[in-house]
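Please keep the sequence and the structure in view while reading.

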Amino acid sequence: MHYDLLSLLDAHLAEMTALRHVLAAPRPVHPGERWAAAEQTLRSSERYVASVEAVLSPTAALRATPVPSSTQVLSPTAV
């Protein structure tokens, strides 16, 4: 889970940095261009939150729980 969270954070920070460059660019812009870039930062943050919540959800924790090596899994035909 730790690796997943760091990967999500790295991707989010890279996207936010790229969007910051758009917002901070010292050049003439078209009407609404900076507003659109600011909105993209909001959408990026929303995606990041949803991704982190998916990793941290109780069902994700259950999926990540390793099965002890002493546990024997029986096939349906073994019963």
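By about how many helical turns are Glu-39 and Arg-43 separated in helix H2? The two residues are four apart within helix H2, so the separation between Glu-39 and Arg-43 comes to about one helical turn. Their side chains meet in a salt bridge, with an N to O distance of 3.2 Å, in what is a predicted model rather than an experimental one.

## Overall architecture

The protein contains three helices and zero strands, and read from the N terminus its elements follow the order α-α-α. Of the 79 residues in the protein, 13% are buried. When contacts between residues at least 6 apart in sequence are considered, 57% of them join residues at least 24 apart.

## Packing of H1 and H2

Two packed helices are described by the angle between their axes together with the distance between those axes. For helix H1 (residues 2-24) and helix H2 (residues 33-56), the axes come within 9 Å and cross at roughly 175 degrees. Because angles over 145 degrees count as roughly antiparallel, H1 is roughly antiparallel to H2. The residues that form the contact of H1 with H2 divide into 14 nonpolar, six polar and four charged.

His-12 is a residue of helix H1, and its relative accessibility of 11% places it among the buried residues, because buried means under 20%. Leaving aside residues up to four places away in sequence, His-12 touches Ser-44, Ser-45 and Tyr-48.

## Salt bridges

The count of salt bridges comes to four. One of them joins Arg-47 to Glu-15, with the closest N and O atoms 2.6 Å apart; since Arg-47 lies in helix H2 and Glu-15 in helix H1, this pair ties together parts that are 32 residues apart in sequence. Both partners count as partly exposed, Arg-47 at 45% relative accessibility and Glu-15 with a relative accessible area of 31%.

Another salt bridge links Glu-33 with Arg-27, where the closest N and O atoms are 2.7 Å apart. Glu-33 is partly exposed, with a relative accessible area of 23%, and Arg-27 likewise counts as partly exposed, at 35% relative accessibility. The pair named at the outset, Glu-39 and Arg-43, belongs to a network of salt bridges in which Glu-46 is also linked.

## Confidence of the prediction

The average pLDDT of the protein is 81, and 75% of the residues score at least 70. Confidence is highest in helix H2, at a mean of 94, and lowest in helix H3 (residues 58-64), at a mean of 66. Over residues 70-79 the pLDDT is below 50, and beyond near neighbours in sequence this stretch has zero contacts in the model.

How values were computed. Residues numbered from 1 in each chain as written. Predicted model: local features only at pLDDT ≥ 70, side-chain atom pairs only at ≥ 80, totals over all residues. Heavy atoms only, no water. Axes fitted to C-alpha atoms, helices over the stretch in contact; angles between N-to-C directions. Parallel < 35°, antiparallel > 145°, perpendicular 65-115°, else oblique. Nonpolar A, V, L, I, M, F, W, Y, C, P; charged D, E, K, R; others polar. pLDDT = per-residue confidence, 0-100. Contact = heavy atoms within 4.5 Å. Buried < 20%, exposed > 50% of the residue type's maximum accessible area, 1.4 Å probe, protein only.
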